Amino acid sequence: MFRRLPDSPAETLRFTFDGAPLTARRGDTVAAALLANGIATCRATPAKGTPRGPYCLMGVCFECLVTIDGTGNRQGCLVALEEGMRVETQAGARKAVAP
Ligand code: FES
(Lines give C-alpha, C1' and ligand atoms only; values in the text may rest on other atoms or scores of the structure.)
Protein backbone atom coordinates (compact mmCIF):
# COMPACT_ATOMS: atom_id res chain seq x y z
CA MET A 1 0.00 0.00 0.00
CA PHE A 2 2.66 2.50 1.04
CA ARG A 3 6.24 2.59 -0.14
CA ARG A 4 8.95 4.97 0.92
CA LEU A 5 10.40 7.39 -1.57
CA PRO A 6 14.06 6.81 -2.28
CA ASP A 7 15.95 9.33 -0.19
CA SER A 8 18.94 9.57 2.08
CA PRO A 9 19.05 7.03 4.86
CA ALA A 10 17.88 8.17 8.27
CA GLU A 11 18.58 6.79 11.72
CA THR A 12 16.69 3.58 12.38
CA LEU A 13 14.45 3.51 15.45
CA ARG A 14 13.09 0.40 17.12
CA PHE A 15 9.60 0.20 18.56
CA THR A 16 6.93 -2.40 19.20
CA PHE A 17 3.36 -2.69 18.00
CA ASP A 18 1.21 -5.06 20.04
CA GLY A 19 4.43 -6.61 21.27
CA ALA A 20 5.94 -7.23 17.83
CA PRO A 21 9.36 -5.62 17.29
CA LEU A 22 9.48 -3.20 14.34
CA THR A 23 11.75 -0.52 12.95
CA ALA A 24 11.17 2.85 11.34
CA ARG A 25 13.08 6.02 10.58
CA ARG A 26 13.72 8.99 12.82
CA GLY A 27 11.29 11.67 11.70
CA ASP A 28 8.43 9.23 11.11
CA THR A 29 5.23 9.75 13.00
CA VAL A 30 3.81 6.71 14.76
CA ALA A 31 1.14 6.39 12.05
CA ALA A 32 3.72 6.64 9.25
CA ALA A 33 5.88 4.04 10.98
CA LEU A 34 2.94 1.64 11.20
CA LEU A 35 2.00 2.16 7.55
CA ALA A 36 5.62 1.73 6.46
CA ASN A 37 5.56 -1.63 8.24
CA GLY A 38 2.40 -2.70 6.41
CA ILE A 39 0.11 -2.15 9.39
CA ALA A 40 -3.08 -0.41 8.26
CA THR A 41 -5.28 -1.08 11.31
CA CYS A 42 -4.52 0.51 14.65
CA ARG A 43 -7.80 0.74 16.52
CA ALA A 44 -11.28 -0.72 16.84
CA THR A 45 -14.38 1.44 17.19
CA PRO A 46 -16.07 1.50 20.61
CA ALA A 47 -19.54 0.77 19.19
CA LYS A 48 -19.00 -2.25 16.96
CA GLY A 49 -15.29 -3.01 17.10
CA THR A 50 -14.86 -2.09 13.44
CA PRO A 51 -11.19 -1.87 12.47
CA ARG A 52 -9.83 1.58 11.64
CA GLY A 53 -6.49 2.96 10.54
CA PRO A 54 -4.72 6.21 9.68
CA TYR A 55 -6.57 8.15 7.00
CA CYS A 56 -5.88 11.89 6.83
CA LEU A 57 -2.39 11.87 8.43
CA MET A 58 -2.88 15.47 9.53
CA GLY A 59 -4.80 15.31 12.80
CA VAL A 60 -8.33 15.70 11.52
CA CYS A 61 -10.03 12.29 11.30
CA PHE A 62 -8.93 10.64 14.59
CA GLU A 63 -8.82 7.24 12.87
CA CYS A 64 -5.21 6.76 13.96
CA LEU A 65 -5.84 6.57 17.71
CA VAL A 66 -3.42 4.22 19.47
CA THR A 67 -2.12 3.54 22.92
CA ILE A 68 1.46 4.72 23.33
CA ASP A 69 3.48 3.66 26.35
CA GLY A 70 0.25 2.93 28.21
CA THR A 71 -1.55 6.17 27.37
CA GLY A 72 -4.61 5.80 25.17
CA ASN A 73 -6.25 8.16 22.68
CA ARG A 74 -2.95 9.31 21.17
CA GLN A 75 -3.21 10.46 17.57
CA GLY A 76 -0.50 8.44 15.88
CA CYS A 77 -0.20 10.89 13.00
CA LEU A 78 0.74 13.72 15.37
CA VAL A 79 3.26 11.88 17.56
CA ALA A 80 6.87 11.58 16.45
CA LEU A 81 8.19 8.06 16.86
CA GLU A 82 10.84 7.67 19.53
CA GLU A 83 13.27 4.85 20.24
CA GLY A 84 11.67 2.08 22.29
CA MET A 85 8.07 3.27 22.07
CA ARG A 86 5.49 0.67 22.97
CA VAL A 87 2.54 1.20 20.60
CA GLU A 88 -0.64 -0.83 21.00
CA THR A 89 -3.93 -1.18 19.21
CA GLN A 90 -6.63 0.87 20.88
CA ALA A 91 -9.61 -1.40 21.36
CA GLY A 92 -12.73 0.68 21.93
CA ALA A 93 -12.74 3.80 24.05
CA ARG A 94 -9.89 4.77 26.28
CA LYS A 95 -10.36 3.95 29.93
CA ALA A 96 -11.30 6.99 32.01
CA VAL A 97 -8.83 7.96 34.69
CA ALA A 98 -10.05 9.59 37.91
CA PRO A 99 -8.25 12.86 38.71
S1 FES B 1 -4.79 9.95 10.54
FE2 FES B 1 -6.40 11.38 10.73
S3 FES B 1 -6.12 12.23 12.70
FE4 FES B 1 -4.44 10.89 12.44
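This is a predicted model: local features need pLDDT of at least 70, side-chain atom pairs count only at pLDDT 80 or more; totals for chains, interfaces and linings use all residues.
View 1. When neighbours within four places in sequence are left aside, Q75 is in contact with G59, V60, F62, C64 and L65. With G59, one of these residues, there is also an approach between polar atoms: a polar atom of the Q75 side chain lies 3.4 Å from the backbone oxygen of G59.

**View 2. The largest nonpolar core.** This core consists of 16 residues. The members that touch the most other members are F15, V30, L34, V66, L81, M85 and V87. At least two core residues come from each of the elements β1 (12-17), β2 (20-25), α1 (30-36) and β5 (65-68).

**View 3. Contacts of the core residue V87.** V87 is among the residues of the largest nonpolar core that touch the most other members. Apart from residues up to four places away in sequence, V87 touches F15, T16, F17, D18, V30, V66 and T67.

**View 4. The exposed residue A93.** A93 is placed in the segment after β7, a strand formed by residues 86-91. Its relative accessibility is 54%, so A93 counts as exposed, for which the value must be over 50%. A93 and V79 are 14 residues apart along the chain, and a distance of 19 Å separates their C-alpha atoms.

How values were computed: Residues are numbered from 1 along each chain as its sequence is written. Side-chain values use heavy atoms; hydrogens and water are left out. A nonpolar core is a set of buried Ala, Val, Leu, Ile, Met, Phe, Trp, Tyr and Cys residues joined through side-chain atoms within 4.5 Å. Buried means under 20% relative accessible area, exposed over 50%, partly exposed in between (1.4 Å probe, protein chains only). Helices (H or I, at least four residues) and strands (E, at least two) are DSSP runs, numbered from the N terminus. Contact means heavy atoms within 4.5 Å. A polar contact is a pair of N or O atoms within 3.5 Å; within protein, one must be able to donate a hydrogen and the other to accept it, and residues adjacent in sequence count only if both atoms are side-chain atoms.
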